[in-house]
Amino acid sequence: MILHLKCRGYGIGLDLPTDSAETERTLSQLTEGLEQEEPVTIEEVSSPIPNLAGYIRCADVRNGTDIQNLNALAEKIDGMSQREQQIFSGALDTESINGLEDVLKVAGHLEDYTFTPGVTTDRELGRFLVASGYLKIEERLRPYINYESVGAEYYSNFGGAYSAYGYVRRRDQEPALDREEKPIFQVRLQAPDGTQQYDLDLPATDAWMDTARQNLRLNDIYAAEITGINCTIPQLAEMLPVENATLKEADRLAECIGEMQKTDGELAKYLAALTVENPETFSEALTIAVDLEDYELVPEDAAEYGEQVLRHIGADDELIATIDGFMDFEGLGEFMMEEDGVRQTDYGLIRRLSEPFP
């Protein structure tokens with residue numbers, strides 16, 4: 001975040017966050033040669049939050065508390081994801097802001113707000129309310145709907161604000177319009193001619209896809225190109241080759257990962273499989289997810305693995321208890337791990353069922 005400061009027509013930039021010594025040096029350069037102290041004002045602000053300047057111009061950079069709060073705000077913004085920055089921008093317009101402390105309070109409680117990306121007007125809000133099923137309107141009647149009036153009425157009833165990125169409002173208002181589950185991917189879509197862009201969370205419902213299609217002015221949403229993709233799961237973000245991913249593939253993989261998260265150990269198994277398979281393309285990573293039943297996480301203990309091998313060939317608990325003490329389960333386990341191509345990963349031991357790893 002850069003503050004563009006002015007004093008008697010002269011300007012200088014102050015890059016935040018910074019320390020008090022650098023602040024003093026910057027202010028000294030700006031006011032050098034002045035016979036008396038003149039007011040220093042914040043004229044503009046360069047940051048990912050396009051409307052931020054209007055909310056912090058009142059700050060006094062000569063005041064220790066204000067500059068401390070400005071530094072804290074800059075750190076918060078730097079630590080936000082792109083989506084959080086977009087929510088923050090709209091949340092500022094939603095609230096009644098009376099100073100830096102209010103700005104910081106909003107920045108620290110972004111979870112209190114819902115976000116409907118791409119909805120920036122009453123008309124777009126009305127279309128979304130109908131497309132998402134929030135308002136039950138028969139398909140044959142939709143050409144006759146005044147979407148602007150629908151959106152305006154909802155906006156009037158429940159408040160919020162339209163930002164450059166979408167519609168933001170407090171969660172403590174009536175039913176949320178945003179998704180309840182955390183998205184797997186956040187993608188930036190672009191129309192093939194480059195004229196329109198749209199941010200979409202995946203996996204996406206048919207209604208979300210249709211809203212994206214309308215905003216991009218496309219007949220087929222899958223004609224859109226992905227120009228940016230962010231995975232919200234850090235471990236996956238490091239392992240997935242996202243170059244050349246298509247929207248259809250990204251949405252399918254997001255669905256698969258969402259299902260994995262519902263069962264203990266499934267996501268860890270996928271991460272282990274990715275570690276060993278090391279896919280070079282997004283398509284290959286998707287194939288692994290679709291065929292995840294072909295992989296198995298196995299016990300870390302060789303003796304336990306030996307017992308598991310015996311169970312796979314028909315031994316029951318009574319038989320295993322009977323031969324315990326007379327058989328080298330650990331030796332059997334170590335031998336079969338090698339035969340089965342078991343591989344060690346940070347997420348556990350894994351083997352491939354159809355054909356052992358080499």
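In which hand does α11 pass α12? The crossing is right-handed, and point 2 takes up that pair again.

1. A word on the ground rules. This is a predicted model, in which local features need pLDDT of at least 70 and side-chain atom pairs count only at pLDDT 80 or more, while totals for chains, interfaces and linings use all residues. Residues are numbered from 1 along each chain as its sequence is written, and side-chain values use heavy atoms, with hydrogens and water left out.

2. Let me start with α11 and α12. Helix α11 covers residues 266-277 and helix α12 residues 282-290 (helices are DSSP runs of H or I with at least four residues, strands are E runs of at least two, and both are numbered from the N terminus). Their axes lie 10 Å apart and pack at an angle of about 135 degrees (axes are lines fitted to C-alpha atoms, for helices over the stretch in contact, and angles run from 0 to 180 degrees between N-to-C directions). That makes α11 oblique to α12 (under 35 degrees counts as roughly parallel, over 145 as roughly antiparallel, 65 to 115 as roughly perpendicular, and the rest as oblique). Y270, A273, L274 and E277 of α11 meet A285, L286, I288 and A289 of α12 (contact means heavy atoms within 4.5 Å). By class there are seven nonpolar, no polar and one charged residues (Ala, Val, Leu, Ile, Met, Phe, Trp, Tyr, Cys and Pro count as nonpolar, Asp, Glu, Lys and Arg as charged, and the others, Gly among them, as polar).

3. On its other listed contact, α11 meets helix α10, residues 247-260: the two axes come within 7 Å and cross at roughly 130 degrees. This pair is therefore oblique. L253, I257 and M260 of α10 touch E266, L267 and Y270 of α11, a set with five nonpolar, no polar and one charged residues.

4. Now to α6, residues 122-131, whose buried residues are L125, G126, F128, L129 and V130 (buried means under 20% relative accessible area, exposed over 50%, partly exposed in between, with a 1.4 Å probe and protein chains only). These buried residues pack against β4 (113-117), α7 (147-158), β5 (161-162), β6 (166-170) and α8 (206-216).

5. The α6 and α8 pair is worth a look of its own. The angle is about 150 degrees and the axes are 9 Å apart, so the helices are roughly antiparallel. E124, R127, F128 and A131 of α6 contact A207, W208, D210, T211, Q214 and N215 of α8, and these residues divide into four nonpolar, three polar and three charged. W208 itself counts as buried, at 8% relative accessibility.

6. What does T23 touch, leaving aside residues up to four places away in sequence? Its contacts are L14, T18, V61 and I67. T23 belongs to helix α1, residues 20-31, and is buried at 5% relative accessible area.

7. Finally, the cysteines. The whole structure holds zero disulfides (a disulfide is a pair of cysteine sulfur atoms within 2.5 Å). For C7, the nearest cysteine sulfur is that of C58, 18 Å away; C7 is buried, at 1% relative accessibility. The sulfur of C231 lies 13 Å from its closest cysteine sulfur, in C256, too far for a bond. C231 is also buried, with a relative accessible area of 11%.

Key. Left-handed = near helix turned anticlockwise from the far one by under 90°.
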